[in-house]
Amino acid sequence: MAMEESVPISGMTRTAPVTVIVPAFNESASVVDTIHSLQAQTVIPAEIIVVDDCSADGTGDIARSLGVTVIRPPANTGSKAGAQTFALAHVRTEFVIAIDADTTLAPDAIERLLPAFDDANVAAACGSVLPRRIKSVWERGRYVEYLFAFTFYKQVQDQYGAPLISSGCFSMYRTEAVCAVGGWPTRTLAEDMDLTWTLYQRGRAVRFVSGAVCYPIEPRNYGFLKKQLRRWSHGFVQNVRLHWRELLEVPFLRSAVAVACWDAVVASVVYLVLLPVIALVFWNPYFLLGYVIDVPAIVVPVIAGALPRRELGRALVSVPSFFILRTVNAVFFLKAVWAELVRGRRLVTYEKGH
Amino acid sequence: MTAGVPGTGIGGLFYLMAALLLPVRGLLLRMRGGRVSWRMVAKLLFLAIGVFLGIWATWWLLGLAIVPAAETVEAAIHVRGILRREYAEFVRWAAILAGFVTLAAVLIGTQVARLVIKRR
């Protein structure tokens, strides 16, 4: 992403009652871009706190040289959620932002998120996510996945007042709301989903603001992708298991989660088992068209998301990668369901994978 | 993160129906004095119509794929009485209907689960 010029929507730069928490474990290669993008915001945060989670690569020193507050827990907290909660005690502002140390923001991202909190019941707000680097097949697949999800699914969820997740890579929260639930929970591997669903259960609202864009670094190789997908798929299953009773009382969200569960399991089985079996039984490759038969329906929101960004060519070229990523995604979801629900083997180790 | 497999299965249909129902929801909300962003409703409605046309294209593609596939099925299971074209139409409609019926079953199942849990 090219560094964009900071031009405030309101015409003048101001400081907002916002503290930004940047959890960082060995992030010396990426934390500089993150801090620079925070310092270049059209609305300046009151404080930027980098949690140097006992890094061995000088992350803390690099962050300190850029003029931000650096804190270091006595021992590695073991997860992003742990590092964020450690920093929560240092937050003195009305709002707090959690942002990954490999994520940069569009210059007006904070300014665009703030109005969501005009409603006193709103406890969290998130924006659109787009990969910063779009080169490898996995990054391209994720790019299309995000264009599709943030242009269509997430906006529909917001209209019904129930975004599925306030994204962990960049979200703003009302500090009292996060403190009231004891910080970012570490009981599942998807702390963002856990916190979002806990807030709903407490009657609080969550908003999605499509114009507030963040750019994380997505896995460029299979090794990193594997770690990320393992964490996400196990985290999803763990959260459904933990929250399902209470979720039944949250309109729209209960339906969205039920549909996601169905697709994660049944659609994955159809995708990975049924289609190849039918093609083999009838010895006819036409059945394999099932893998890409929904191209037209997928491509419409992707085009709608890419056009305003003038990225149509890049998006269309990336579409085949999406189908590869989707197949890999299905494998990981099935494995997570099998391990967590059938074998009772809970994944507890937080593996960093962007 | 995106839960599930985006685009495949009933998720796409669910969000399509939800987007198509947004104007009705907006009207009901407005009648109760709530605020509605009609601009966003219109944007999502147009998008949903685009996705609907995409599904129609899928339906059409399915027909193209089924006719050659039907030849093998015919040969494999010796279906002599059914015409190939009728078979293709049947599979095409069945695929679309199966999606809607499954979606309805999942949504009704969720409501039933809610009522059962509430009673306990």
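**Exercise 1.** In this predicted model, find which residues touch the most other members of the largest nonpolar core.

*Solution.* Start with the core, which holds 123 residues. Val20(A), Ile21(A), Val22(A), Val51(A), Leu147(A), Val302(A) and Ala19(B) touch the most other members.

Now take Ile21(A). Leave out residues up to four places away in sequence. Its contacts are then Ile49(A), Val51(A), Gln84(A), Ala87(A), Val96(A), Ile97(A) and Ala98(A).

**Exercise 2.** Trace the open sheet of chain A and state its strand order.

*Solution.* The sheet has 8 strands, in the order 3-2-1-4-7-6-8-5, and the pairing is mixed. Strand 3 (69-71) and strand 5 (103-105) of chain A are the edges; each pairs on one side only. From one strand to the next, the twist averages 30°.

Then look at one pair. Strand 1 (residues 14-24) and strand 2 (residues 43-52) of chain A run parallel, joined by 9 bridges. Thr19(A) faces Glu47(A) of strand 2.

Helix 3 (residues 80-88) of chain A lies across strands 1, 2, 3 and 4 of chain A. Helix 3 runs at about 135° to strand 1.

**Exercise 3.** Describe the contact between chain A and chain B.

*Solution.* Count the residues: chain A gives 47 and chain B gives 40. On the chain A side, helices 5, 8, 9, 10 and 11 of chain A each give two or more residues. Helix 9 of chain A gives the most, 12 residues. Finally, sort the chain A side by class: 35 nonpolar, 6 polar and 6 charged residues.

How values were computed: Residues are numbered from 1 along each chain as its sequence is written. Chains are lettered from A and ligands numbered from 1 in the order in which they are written. This is a predicted model: local features need pLDDT of at least 70, side-chain atom pairs count only at pLDDT 80 or more; totals for chains, interfaces and linings use all residues. Two residues are in contact if their C-beta atoms, placed from the backbone, lie within 7 Å. Helices (H or I, at least four residues) and strands (E, at least two) are DSSP runs, numbered from the N terminus. Ala, Val, Leu, Ile, Met, Phe, Trp, Tyr, Cys and Pro count as nonpolar, Asp, Glu, Lys and Arg as charged, and the others, Gly among them, as polar. A nonpolar core is a set of buried Ala, Val, Leu, Ile, Met, Phe, Trp, Tyr and Cys residues joined through C-beta atoms within 7 Å. A residue is buried if 20 or more other C-beta atoms lie within 10 Å of its own, exposed if 12 or fewer, and partly exposed in between; C-beta atoms are placed from the backbone. Two strands pair if DSSP finds at least two bridges between them. Axes are lines fitted to C-alpha atoms, for helices over the stretch in contact, and angles run from 0 to 180 degrees between N-to-C directions.
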